[in-house]
Amino acid sequence: MKQGVLTGLALLAILCALPLGVDSYWLRLGTTMLMYGVLAMSWNFIGGMAGYPSFASAAFFGLGAYAGAVAQKFGLSMFIAWSLAGVVAAMFAAALGFALLRLRGHYFAIASLVVAEVLREIVNSATDLTGGGKGLNLPVPQMASIDDQARFFYYAMLGVAVLAFSAVFATQRSRLGFGLRCIRQNESAADMLGVNVTLYKVNAFILSGVFVGIAGAVYASWVHYIEPPDVFDVLYSVKAIVMVLLGGAGTLYGPLVGAVLFLSLEELVWRNYISVHTGMLGLLIVLLVLFLPKGILAFRPGRA
Amino acid sequence: MSALLQLSGVSRHFGGLKAVSGVDLSVERGEVIGLIGPNGAGKTTLVNLITGVHPATTGKVSFAGKDVTRQKPWQAARRGIARTFQIVQPFPEMTVLENVAAAALFAGGMAYGAHAESAALEHLRFVGLADVAATRAATLTLAMRKRLELAKGLAMNPQLLLLDEVNAGLNSSEIDHALTLIRAIAARGVTILIIEHLMKVVLNLCSRIVVLHHGELIASGDPQSIVRDARVVQAYLGRRYADASG
Amino acid sequence: MLTFQILANGLVLGGLYACIASGFSLVWGVLNVINILHGSFIVLGGYLAFYAHAELGVHPFLSILIAAPLFYAAGYALQGALINRMIAAPVLLTLSLTFGLDLMLQNGMLLAFTADFRKLILDPPLGVLALGPVVIPVDRLAAMLLALALTGLLYLLLSRSRIGRAVVAVRMDREAAALMGVSVKRINAVTFGLGAMMAGASGPLLATIYPISPLAGTVYLGKAFVICVLGGLGSVPGAMVGGIALGIVESFGALWFGPEHATTLSFLLLIVVLLVRPTGLLGRKGYE
Ligand SMILES: Nc1ncnc2c1ncn2[C@@H]1O[C@H](COP(=O)(O)OP(=O)(O)O)[C@@H](O)[C@H]1O
Ligand SMILES: [Mg+2]
């Protein structure tokens with residue numbers, strides 16, 4: 001426990017110091033890494049802990065991005081808009097969870113996958129509110145320099161990541177985390193041992209949505225402009241899963257390790273072989289599933 | 001004082017099949033009652049009705065004076081109705097201790113943390129599994145898993161314990177051990193309803209036996225009168241239930 | 001009168017959809033694997049027809065005869081080499097595996113065929129058929145009839161042939177089939193081959209109606225999902241019913257809400273049906 005806290009603080013110190021003296025390329029990469037970390041840690045709640053194969057991350061991300069953007073369009077300040085995005089994502093996750101978490105296996109996976117598509121179409125059609133297919137511009141925060149701006153969004157994303165990490169940490173050491181482990185291993189037995197399975201699963205789903213929603217809103221402000229196919233991209237869901245698989249499902253540091261590894265690979269491929277980028281992502285997934293289905297951390301004795 | 005468990009006209013249909021029909025049964029506090037009947041008689045289904053796994057098609061279930069017909073399994077667990085499974089269901093990747101701690105935590109009303117674990121260890125000692133507390137539940141033998149089920153049931157701090165064929169598949173020394181345990185549990189004041197194929201066990205433990213056949217309760221009474229009851233003998237005709245494997 | 005026209009459109013669509021979904025449903029029902037590649041197989045079959053037509057002058061309906069064996073063989077090999085290794089793995093892993101393969105295939109097609117939309121234009125055009133006030137383009141009608149014929153053939157294959165009955169036996173009860181001497185591994189590969197074959201063979205039919213592009217498979221895949229949920233898993237009649245139901249729903253949906261919302265509508269339908277009947281409308285005790 002104590003050691004875990006120390007490791008976490010050391011990691012945080014490094015992440016806080018990272019932006020000092022790096023150029024905008026590295027800042028962009030760092031911000032993306034933190035965003036991926038949020039996606040992976042969040043998926044871990046529902047996929048890793050509860051064992052439900054959710055593809056809903058893209059839905060939460062897009063919803064958060066649009067909630068934040070629309071709130072700012074109506075004149076709310078950026079921070080309030082971000083918080084609001086979290087609230088909207090959480091409420092949406094709660095409602096969706098009550099409906100979808102009764103499904104199992106493939107049916108749950110598909111239903112959760114389809115949600116992002118439906119939301120995208122709705123956003124596409126609600127032209128008055130969202131600008132439809134033309135997208136939506138966001139106000140650019142007033143700052144001295146481009147670098148300051150980049151640094152600002154790095155720290156904002158770091159804030160979201162710290163929130164998500166704390167939530168994972170707390171959950172793993174609580175009734176909720178223990179109950180979710182029971183559910184993953186045998187849901188009906190958990191039910192009969194007194195675990196309120198519906199409530200626990202919905203809680204896991206909310207946790208898997210809220211930070212992704214905030215990250216979506218921060219992302220929207222960061223890039224100043226969003227459009228439906230960009231933020232409701234199913235690849236957000238897939239990447240979240242891949243990162244967790246890479247690092248090890250259900251663990252504390254696994255998703256973060258997965259995020260760093262994944263981003264490194266992605267960046268390597270992006271920079272050198274852009275035309276086969278998705279194909280390489282596919283290849284990575286295939287290799288991962290075939291050869292490392294438990295994640296690379298599984299090779300270490302004593303999982304984190 | 002009213003009965004702890006009261007079933008009135010309880011039925012459960014699966015499509016056209018009447019797995020349980022029109023069962024009236026009341027179980028007093030402190031009783032050890034045996035539920036017997038041939039395979040497919042509806043015994044497990046009856047347990048499922050009492051624990052909220054299946055909602056009753058008709059009829060009413062009350063527990064401690066409260067109507068619980070529509071309860072969910074987790075609510076039953078928290079109210080003090082614990083059960084073991086005919087087909088044992090541990091959490092395979094957790095340790096034996098964690099399995100029992102889960103029961104203490106979620107149904108037994110314990111707080112999260114060391115408290116639940118020490119209570120769990122207590123129960124493991126009682127059933128004789130303390131030595132394997134730290135091993136993964138998936139690695140236990142069948143006899144050990146059955147005892148783990150018992151420990152989980154106890155950790156739920158139940159008023160009523162439903163035992164669904166806890167002895168099926170055990171050899172005779174293992175059964176003797178189980179009998180001692182069940183008697184010790186009853187001595188703590190836990191009301192027990194036990195489903196059992198082995199007459200030796202039922203006759204040994206129970207003050208009363210009820211018989212289910214084709215979903216209906218066909219007889220109820222003290223052990224001696226049940227084994228002489230013509231309908232019961234007929235229900236079992238041709239079956240060598242005394243050593244049925246379950 | 002308009003109603004009849006819409007109904008006719010829906011039936012034509014539905015026949016094609018049944019063909020798309022039957023193979024997908026078979027694989028899902030028998031192997032408990034969702035084959036994300038299915039949509040891209042259809043597109044690839046479309047490209048095959050397009051190039052056979054453009055380069056060699058082969059009529060797209062005839063290229064079905066080329067596509068079917070090719071895709072069967074490819075599916076059989078793919079299952080034997082990769083997918084069989086993961087057949088008993090959790091949903092997430094099998095789903096990710098076919099998803100990863102699909103990303104590779106899509107990327108490959110993008111490189112090979114570019115992102116341009118291709119349109120296969122029949123020469124000479126087949127004109128339209130007027131039944132009273134209802135007008136149906138003959139090429140569509142022919143494609144639909146061929147699609148139904150293919151689906152019917154699959155049905156016959158499953159119900160009459162020895163190997164088909166083995167597939168059905170594995171679907172019903174894997175262990176029992178193994179005990180009866182069926183080589184489950186081989187049947188798994190055959191099933192996947194048949195699924196790929198149905199996708200590849202429906203490609204040329206769809207190519208005569210819709211433009212082809214490397215990423216178009218996603219739409220077909222989405223429709224296959226919906227149809228499986230509507231019609232239940234693993235049975236050809238189920239896919240038939242589900243396909244026609246979806247065709248009709250989409251046609252009326254396009255009329256009432258605008259064609260751009262047809263897909264959204266069908267996805268909403270999917271979610272609603274899943275919530276009411278978690279194993280599909282016609283599904284009995286289904287696979288998870
Ligand atoms: N979930 C279910 N769905 C359909 N039929 C069931 C279900 N559970 C039990 N049954 C049927 O109900 C009858 C009684 O089964 P059960 O209660 O398990 O009998 P017992 O425990 O006395 O051997 C059997 O015919 C069984 O097939
Ligand atoms: Mg039974």
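Polar contacts do turn up: the rule finds six residue pairs across the interface of chain C and chain A, both residues at pLDDT 80 or more. A polar contact here is a pair of N or O atoms within 3.5 Å; within protein, one must be able to donate a hydrogen and the other to accept it, and residues adjacent in sequence count only if both atoms are side-chain atoms. On the side of chain C that touches chain A, α4 (91-113), α9 (217-231) and α11 (262-276) of chain C each supply at least two residues. α4(C) gives the most, with 14 residues. Helices (H or I, at least four residues) and strands (E, at least two) are DSSP runs, numbered from the N terminus. Sorted by class, that side of chain C has 26 nonpolar, eight polar and three charged residues. For this sorting, Ala, Val, Leu, Ile, Met, Phe, Trp, Tyr, Cys and Pro count as nonpolar, Asp, Glu, Lys and Arg as charged, and the others, Gly among them, as polar.

A word on the model itself: it is predicted, so local features need pLDDT of at least 70 and side-chain atom pairs count only at pLDDT 80 or more, while totals for chains, interfaces and linings use all residues. Residues are numbered from 1 along each chain as its sequence is written, chains are lettered from A and ligands numbered from 1 in the order in which they are written, and side-chain values use heavy atoms, with hydrogens and water left out.

Back to chains C and A: 37 residues of chain C are in contact with 40 residues of chain A, where contact means heavy atoms within 4.5 Å. Together the two chains bury about 3300 Å², with 80% of it on carbon and sulfur atoms. Buried area is the accessible area (1.4 Å probe) that two parts lose on being put together, summed over both. Of the two pairs of chains that touch, A and C have the most contacts. Chain B and chain C, on the other hand, share no contact, and their closest C-alpha atoms lie 12 Å apart.

Chain B does meet chain A, with 25 residues from chain B and 22 residues from chain A taking part. About 2000 Å² is buried between chain B and chain A, 65% of it on carbon and sulfur atoms. This time the count is two salt bridges. One of them joins the side chains of E93(B) and R184(A), at 3.9 Å from N to O. Ten residue pairs are in polar contact across the interface of chain B and chain A, both residues at pLDDT 80 or more. The elements of chain B that give two or more residues to the side touching chain A are α2 (73-79) and α3 (96-106). Here α3(B) gives the most, with seven residues. By class, this side of chain B has 18 nonpolar, two polar and five charged residues.

Inside chain B, four strands make an open sheet in the order β2-β1-β4-β5, with antiparallel pairing. β2 and β5 (66-67) of chain B are at the edges with a single partner strand each, so one side of each is left without a neighbour in the sheet. Two strands pair if DSSP finds at least two bridges between them. β1 (residues 5-14) and β2 (residues 17-27) of chain B pair over seven bridges, and F14(B) stands opposite L17(B) in β2(B). Their hairpin has two residues between the strands, and G15(B) takes a positive phi near 60° there. At the other end of the order, β4 (residues 58-63) of chain B pairs with β5(B) over two bridges, with F63(B) and K66(B) as bridge partners.

F14(B) and L17(B) come up again around ligand 1, among surrounding residues that also include K43(B), T44(B) and H54(B); a residue is near a molecule or strand if one of its heavy atoms lies within 4 Å of it. An oxygen atom of ligand 1 is 3.2 Å from a polar backbone atom of A41(B). For K43(B), the distance from a polar backbone atom to an oxygen atom of the ligand is 2.8 Å. T44(B) uses its side chain instead, with a polar atom 2.7 Å from an oxygen atom of ligand 1.

Note on methods:
Salt bridge = Lys/Arg side-chain N within 4 Å of Asp/Glu carboxyl O.
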